[in-house]
Amino acid sequence: MGALVAKLVRTTSPSSLVLVFAMSLVVVCCFGASESDFLLKFKEELTNSTSLTNWNPSTGPCDWNRGNWIGVLCLNGSVWGLQLENMGLTGVIDVETLSSLPNFRTISLMNNNFEGTWPGLGKIETLRSVYLSNNKFSGEIPDDAFQRMESLKRVLLSNNHFTGPIPSSLAELPNLVELRLDGNLFEGQIPGFKENSMRSLNLANNNLEGAIPTSLSKMDATSFKGNKNLCGPPLRSCDVPNASKSAKLLKVAITLMVVGIILAVIAATCIIIQCKRQNTIQLGRATSNDSNMIASSFREEPHKLPVKGGHYMWRPDQGKLSFVRDDIERFDLQDLLRASAEILGSGTFGSSYKAVIMSGQALVVKRYKQMKNVGREEFHEHMRRLGRLRHPNLQPLAAYYYRKEEKLLISEFVENGSLASLLHGNHTVDNPGLDWQTRLKIVKGVARGLDYLYKELPIVVPHGHIKSSNVLIDEFYEPLLTDYALRPVINPEHAHATMIAYKSPEYAREGHTSGKTDIWSLGILILEILTGKYPENYLSQGYESNADLATWVNTMVKEKRTSEVFDKDMIGTKNSKGEMINLLKIGLCCCEEDVGRRLGIRQVMEKINELKDGSDADEDLTSNASEGYAWSSRGTDDDFSYSNR
């Protein structure tokens, strides 16, 4: 082409040169489409895509490893994946356009409303992971659908309406490590998967039949439950008569009962012994009789080597700490192993330790065991993203450690502990409860931190786990949000069972979260701060209206008992009644069950910033002036108006 143009330049007239130049522009326009163009073309085929409002051609989708557009995952300045979850999306998945992205590796459209047949993702041969669970796809998947996708490692298609046999091309994938097809209508026999490649499998609740392939016989039996006609290890033998089966089941039940009783006795004994021990833990090799060290908390785990004296140490070849901050004193893994430490507690995701290294620096080390489904590359990228976050109301991540079985996240120790301990601890004359001014300061700080996360993170639920134990209080009583933005790296089944976002009204009703789910969690936290009551929402398995703190507050208001709502341990309330009631209304507005009527983060910020430390100089909590008012719903009117009854 270049030679032809050069020849034309030498042999043609000036008017012909104009034509040649125009032709070259056509070539550039046809073959120079950017990643922005491809993504916008992909968006055009979607409906109900209001969550993708910042997909704007004026700003590129990637800022090196940071995604500028919601749901866009970036690596080295190029789009390598889409994570468009919990957005209520429908329409057509334009696979042809996505296949034009040169570095596209992962797609997640879980918890949306896509319908129709298999979207033909085989055209993107470089894909490593496909997440389409909790949609409405149906029909048979072609047998050769995965034939050329040799890089594919993870396929999650749970809770759709797929029918027909499991594609044999899926079983032939050489690198497949995770497969979830549960909750569909697949039928026929399970194809023979490759030996030793599969690590996680779920084929439960389908219509599969016949013998389970030998390559899958070591999988957990729950992976196959709900398929009445399946047999073979780890289920019943394929040739066991029904009568014999019943007898064997009875024997197994009796055996399990006896074993259960024995284990219960042993567990009770262990608990009694443990309660008598110090509530400290050795985290390394003891250097004195009263020294607690880090390594022994990992005792008898496969990555430890026994050393003289019965203590255990980390294998030296297991890697090193990765730092994401430059403004912190450097330390290494061995410093942590030798550190004096104590248990701070065991939370939703794992255990936390306070470790004081040789320099005197106090750190918090959190061990996470529910992050096994995320790959090394994805984990490193997400930690780097969290490390770039900077805000006065976020507890910054200092460093992390990656290992397949568990991860360590390390941050600086905060002396005053969590908001939960300050709200629900024992209060005395020497240790009074938080006053109104401090509580309002904490609410404002939490809101500012959440507002920052909404702006900086291209995910639907930027925090995902807002509760009082995940709010730390520094020496100036400024709140610091912690455990934020971990949903992308937490195992999905564990996240759905424990994270606050999945206890929201919208997840209970519609099966997905929304862009306002964190607002609901913030509302529950505001009501907890004002009432001093520990929310049952934190303990329930899902959303339960009768166990909802907002429901109790709203009921008290409608019964003209507003003054009884506020925490009796809250001091400094005189001259502040009006502002306290205004904050109560904001909390109720954030907890509105109807997502459409619930406040957005900008509205929350505007209304909270209007609050002052004290107002209504002639009022205090003993007044009944407000008892004649009630809200029709949960105070969701834009002007927070309420009417006399």
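## Second largest pocket

The second largest pocket holds about 700 Å³ of space. Among the 31 residues that line this pocket, Ser-51, Ile-70, Tyr-454, Val-460 and Gly-515 are closest to its centre. Strand S3 (66–67), helix H10 (436–456) and helix H16 (601–609) each give two or more residues to the lining. H10 gives the most, with four. The lining has ten nonpolar, 15 polar and six charged residues. Domain 1 (35–231) and domain 3 (418–613) both contribute to the lining, so this pocket lies between them.

## Model and terms

This is a predicted model: local features need pLDDT of at least 70, side-chain atom pairs count only at pLDDT 80 or more, and totals for chains, interfaces and linings use all residues. Residues are numbered from 1 along each chain as its sequence is written, and side-chain values use heavy atoms, with hydrogens and water left out.

On a 1 Å grid over the protein atoms alone, a pocket is an open set of points with protein on both sides within 12 Å along at least five of seven lines; a cavity is a set where a 1.4 Å probe fits but cannot get out; lining residues have an atom within 4 Å of a point. A volume is the space filled by probe spheres set on the points. Helices (H or I, at least four residues) and strands (E, at least two) are DSSP runs. Domain bounds come from an automatic or database assignment.

## Largest pocket

The largest pocket holds about 840 Å³. It has 37 lining residues, and Ser-352, Lys-366, Ser-469, Leu-472 and Thr-482 are the closest to its centre. Elements that give two or more residues include strand S22 (351–356), strand S23 (362–368) and helix H8 (376–387). By class, the lining has 16 nonpolar, 16 polar and five charged residues. Domain 2 (320–413) and domain 3 (418–613) each supply at least three lining residues.

## Cavities

There are four cavities of 30 Å³ or more. The largest cavity has a volume of about 500 Å³. Its lining has 27 residues, with Gln-83, Tyr-131, Val-374, Glu-378 and Pro-488 nearest the centre. H8 gives the most to this lining, with four residues.

The second largest cavity holds about 170 Å³. Of its 13 lining residues, Glu-85, Asn-86, Val-460, Val-461 and Arg-487 are closest to the centre. Domain 1 (35–231) and domain 3 (418–613) both line this cavity, so it lies between them.

Notes: Ala, Val, Leu, Ile, Met, Phe, Trp, Tyr, Cys and Pro count as nonpolar, Asp, Glu, Lys and Arg as charged, and the others, Gly among them, as polar.
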